Amino acid sequence: MISALKRQDNWTLIGLFITLLMLIALFSWQSEFFFTTRNFINIGQAISIRGLIAIGLTVVMIAGGLDLSMAAVAAVAGMVTASLITLEVNSVLVGVLGIAAAGVLGSFNALLIVKFRINPIIATLGTLLFYRGLAFVSTGGDNIVIGVNAWSELGRGSWLGAPITVWLFLAVVVLGMCFMRFTVAGNHLYAIGGNSEACRNVGIRVDRLRGWTYVAQACLAGLAGLMLTSQSGTALPSALNGAELDIIAAVLLGGIALSGGRGGLLGTLLGLLIIGVVQNGLILLQVQIYWQSVVRGAILIIAVTLDSLRRGGGYR
Amino acid sequence: MGKPSKPPLIRLSNVSKAFGQVKALVDVSLDLHAGEVVGLLGDNGAGKSTLIKILSGNYHADEGSFEYQGRPVTINRPADAQALGIATVYQDLALVETRSVAHNIYLGREPRRFGYFMDRRKMERDANVMLEELNIRLASQKTDVELLSGGQRQAVALSRAIAMGGNILLLDEPTAALGVEQTQQVHHLITSMRRQDKAVVVITHDLSDILDITDRIAVLRQGKLWAYAPSSETTTNQIIGWITGVAPPHVRNGAGEVNKGSDR
């Protein structure tokens, strides 16, 4: 335990956990509606769809990459599944094709970044615009209303008192944590983020592993798009527009470094929870909606500043 | 051991490499023997790095051939060099700062369970054994490399080279960034490599201790092997003469003349 405390990443986690507890205490004291099972389910519901994308982004960033296109990928996946549902395609096939479509977009990101060596910020800024545009072009900007169908259960159903979206999200978190910690590939992703050249020297297939992170991230975004569509019964080309910044903020808050090699999924989960709790708390306290962005921004800035000070300055 | 009849661990014959018009290496022949430390010297641009990169498979020689323990081999890719037990420890060490000592030692060769899972416990145990054998003292093999000193990092890098099955260790400027005491530590390490019957090539600019830790000295000048001689018969002034070209070429290659080292 003492050696565990020496690791800097663990201090970040402890800090996040204390912050989360303090926020929960604060809102519970301020609002009688906050500390209820119903409300915690609401928070879980609110973070689980974006959370899925954040999990994928965490893995991408640990390996030293970045993906800005993930929300647009989710929108495209939503449009694809909704179109297929209106065409009355077999339900299983709908899900497979929707996520596969997202995977193809992720492969294109991987191609640009790994093969053509384009900086991931620039490459995925390009594909963000490109994919978002495709989502709008596909219907000329119209929404696709699908109503109740075989997939509705995914977004609206619940199991053991909690929404299926929350269970799915938690399952992906746990699987992701096991993958990153226990598998050789997961440990290689950490090492690649730390020093990709060193990994190449010892024969680790850096490009292939990195490429797969973008594909996996896109598939998770596809699943998120599918969940969102089935939840609302409508596919919007503008789905999750602008959410990429919120998602990156949650991941950074969770202690993932832009330079890669550090942090973990537990941090991202705490980052998501903190942002989810603040969002929910401010609504319950009936604070003017525009304060949301101010408060979330402030939390992110405070968190990364403390982190940077403790590490003796991260940006040089 | 050390009998004149024993073939060298690796033999380079007439190796040449050019980059466009620039002849980086010209007709270099060199034998490396097990249990022997060779100091590879030369001015900047003399061809030291090119030679190391050819041996490690990162460059492909334009001409020349290689023999491993007497049988002809090719080194076209890093994987070929690795298969022959040739391991390079680079100047910048190529360590992953954010990972533990144990993971750095076994990077790319992590002990596995069920094919895909990392056997962390075995990795840490093996790392401990390895560090003990090399007489390296660290607080814990679980420490992240970013918390280590320069000498300790060199030790981790060397441990990795050996863990990768290295029999022929190419050390690129191992003491370049180190203080006096840490340089001593690295020299001890090099000596212990010799005891483990490795062939070691040390590239260095530092002439101060080179004659004490090496068995032979190889000097490259303008891409040619200018001098190759037993350290015991060489002086620092001679080396400087060879490096600068003031002294005439002096190559005594071949197993017969090898003065197989006692541990000095």
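## After helix α1 of chain B

B:Gly57 takes a positive phi of about 85°. This glycine sits just after α1(B). The model is predicted.

Helix α1 of chain B spans residues 48-55. Is the helix enclosed or open? 8 of its 8 residues are buried, so the helix is largely enclosed by the rest of the structure. The buried residues of α1(B) include two lysines, B:Lys48 and B:Lys53. B:Ser49 and B:Thr50 are also buried.

## Helices α5 and α6 of chain B

Helix α5 of chain B covers residues 150-163, and helix α6 of chain B covers residues 180-195. The two pack at an angle of about 20°. Their axes are 8 Å apart. That angle makes α5(B) roughly parallel to α6(B), because angles under 35 degrees fall in that class. The crossing is right-handed.

Which residues of α5(B) meet α6(B)? They are B:Gly150, B:Gly151, B:Gln154, B:Ala155 and B:Leu158. On α6(B), the partners are B:Gln182, B:Gln185, B:Val186 and B:Leu189. By class, this contact has 4 nonpolar residues, 5 polar and no charged. An α-helix has 3.6 residues a turn, so residues three or four places apart point the same way.

## Overall form of chain A

Chain A has 14 helices and 4 strands. Its radius of gyration is 20 Å, close to the 20 Å that the globule rule gives for 316 residues, so chain A is as compact as a globular protein of that length. The C-alpha atoms fill a box of roughly 60 × 55 × 35 Å along the principal axes.

Of the 316 residues of chain A, 48% count as buried. Consider contacts in chain A with a separation of 6 or more: 78% of them join residues 24 or more positions apart.

## Helices α3 and α13 of chain A

Helix α3 of chain A runs over residues 37-62, and helix α13 of chain A over residues 265-284. They pack at an angle of about 140°, with axes 9 Å apart. α3(A) and α13(A) are therefore oblique to each other. For comparison with the class limit, roughly antiparallel needs an angle over 145 degrees. α3(A) passes α13(A) in a right-handed crossing.

From α3(A), the contact takes A:Asn39, A:Asn42, A:Ile43, A:Ala46, A:Ile47, A:Gly51, A:Ala54, A:Ile55 and A:Thr58. From α13(A) come A:Leu265, A:Thr268, A:Leu272, A:Leu273, A:Gly276, A:Val277, A:Gln279 and A:Asn280. The contact of α3(A) with α13(A) has 9 nonpolar, 8 polar and no charged residues.

## Where the chains meet

Chain A puts 19 residues in contact with 18 residues of chain B. Which helices of chain A each supply at least two residues of that side? They are α9 (184-194) and α10 (196-201). The largest share, 6 residues, comes from α9(A).

On the side of chain A that touches chain B, 9 residues are nonpolar, 8 are polar and 2 are charged.

## An exposed loop residue

A:Phe116 lies in the loop between α5 (91-115) and α6 (120-137) of chain A. Buried or exposed? A:Phe116 has 8 other C-beta atoms within 10 Å, so this phenylalanine is exposed. The cut-off for exposed is 12 or fewer.

A:Val278 is 162 residues from A:Phe116 along the chain. The C-alpha atoms of the two are separated by 41 Å.

Technical notes
Residues numbered from 1 in each chain as written. Chains lettered and ligands numbered in written order. Predicted model: local features only at pLDDT ≥ 70, side-chain atom pairs only at ≥ 80, totals over all residues. Buried ≥ 20, exposed ≤ 12 C-beta atoms within 10 Å, placed from the backbone. Rg over C-alpha atoms; globule rule 2.2 N^0.38 Å. Contact = placed C-beta atoms within 7 Å. Axes fitted to C-alpha atoms, helices over the stretch in contact; angles between N-to-C directions. Parallel < 35°, antiparallel > 145°, perpendicular 65-115°, else oblique. Left-handed = near helix turned anticlockwise from the far one by under 90°. Nonpolar A, V, L, I, M, F, W, Y, C, P; charged D, E, K, R; others polar.
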